[in-house]
Amino acid sequence: MSIEITGVNKSFGDFVALENINLSLPTGQLTALLGPSGGGKSTLLRIIAGLDHADSGSVEIEGTNATHLPPQKRNVGFVFQHYAVFKHMSVAKNVAFGLEIRKRPKAEVKQRVAELLELVHLSQFADRLPSQLSGGQRQRLALARALAVEPSVLLLDEPFGALDAKVRKELRDWLRRLHDEVHVTTVFVTHDQEEALEVADEIVVINQGRVEQVGTPDELYDAPASDFVMSFLGEATTLGGQLIRPHDIELTTSPTAVGAIEGVVSRVLRVGFEVRVTVLTDAGEEVVVTLTRTAARHLGVDTGRHVWLSAAAGAVTLPSAGLPVGTPLTVA
Ligand SMILES: Nc1ncnc2c1ncn2[C@@H]1O[C@H](COP(=O)(O)OP(=O)(O)OP(=O)(O)O)[C@@H](O)[C@H]1O
């Protein structure tokens with residue numbers, strides 16, 4: 001295991017930010033810490049980096065007990081959302097900096113900088129100043145700088161958070177490819193479920209200072225351990241008091257399935273190739289169903305139409321906490 005976190009607790013005054021965190025992150029893996037704002041993701045990352053200390057518990061990095069080690073002795077590289085690169089130094093100088101202060105031979109520094117700039121696709125910008133780069137290029141520079149000293153662990157806190165959606169998406173794909181090339185154990189914080197699902201080998205879902213679930217993107221999506229995980233990763237709606245994914249609901253215009261729940265279509269919204277249909281059931285539940293445009297057209301789904309809803313075969317359902325439990329759900 002590259003990172004072993006055991007029994008970590010952290011409070012700020014009375015506020016419990018992390019509660020009994022236990023995690024094992026294997027070497028070479030790309031792990032996402034995912035969860036809503038304020039859940040404790042950054043605090044955990046800072047504790048791994050040594051920028052903050054746990055009240056109790058331990059952090060082991062590559063077999064060494066790092067709990068009381070300062071950041072510079074942990075062999076970790078980090079990149080934050082607003083990463084301060086040296087503004088007065090060229091791109092190449094920024095990447096070289098960490099190697100130069102470690103007094104590596106000149107020829108080695110030169111070669112390593114060239115390799116890293118190639119890796120992050122910034123070779124042609126080596127002599128520019130950071131202010132002459134785009135936001136996405138600056139984040140790639142920050143990553144090259146963090147990688148320069150060959151850290152055993154790379155920690156990224158919302159590294160693409162400040163960038164626009166298109167650049168974010170590009171950098172996300174790029175990070176995945178970079179990781180496939182370099183294989184450095186990487187932990188990144190995000191509150192964006194799509195980002196986590198697309199990029200990570202494994203996702204740690206953190207909410208209110210606790211780990212809700214750890215698993216591969218598929219495991220979390222197909223077998224969520226709680227209603228929180230189910231709602232946070234992908235869309236969820238309730239049908240008969242059960243949480244279910246909107247595309248896992250079968251909608252028919254006559255009562256075909258035994259126990260199907262009857263309702264009336266209250267809204268139809270086209271979003272790209274999908275149609276989102278809101279149905280108000282006789283029990284007073286608002287259920288969202290997603291259909292393809294073809295299916296919606298074929299069924300003739302329109303506001304005011306009487307429809308019947310049931311869970312599709314193989315649908316993932318979970319009891320929905322805090323919501324009135326209606327008619328038991330029947331799998332068609
Ligand atoms: N230095 C601090 N002093 C007091 N409270 C803090 C401190 N740092 C963090 N907190 C609190 O701890 C909780 C967890 O914060 P943290 O930054 O770890 O959350 P997060 O999951 O990373 O959220 P975000 O996505 O918004 O960054 C928050 O409620 C925050 O207000």
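1. Start with the packing of α3: its buried residues pack against α2 (91-101) and α4 (135-148). Contact here is C-beta atoms, placed from the backbone, within 7 Å of each other. Helices (H or I, at least four residues) and strands (E, at least two) are DSSP runs, numbered from the N terminus.

2. A word on the model, which is predicted: local features need pLDDT of at least 70, side-chain atom pairs count only at pLDDT 80 or more, and totals for chains, interfaces and linings use all residues. Numbering runs from 1 along each chain as its sequence is written.

3. Back to α3, residues 106-119. Its 14 residues reach 20 Å from first C-alpha to last, close to the 20 Å expected at 1.5 Å a residue (1.5 Å times one less than the number of residues). After the helix comes histidine 121, with a positive phi near 55 degrees.

4. Which residues of α3 are buried? They are Val109, Val113, Leu116 and Leu117. These sit on the same side of α3 because they cover an arc of only 95 degrees around the axis, taken from the directions from the helix axis to the C-beta atoms. Turned away from that buried side is a face with the exposed residues Ala107, Glu108, Gln111 and Glu118. Buried means 20 or more other C-beta atoms within 10 Å of the residue's own, exposed 12 or fewer, with C-beta atoms placed from the backbone.

5. Now the ligand. There are 13 residues around the ligand (C-beta atom, placed from the backbone, within 6 Å), and Phe12, Ser37, Lys41, Ser42 and Thr43 come nearest. β2 (15-25) and α1 (41-49) each supply at least two residues of this shell, with α1 giving the most, 3 residues.

How values were computed: Contact = placed C-beta atoms within 7 Å.
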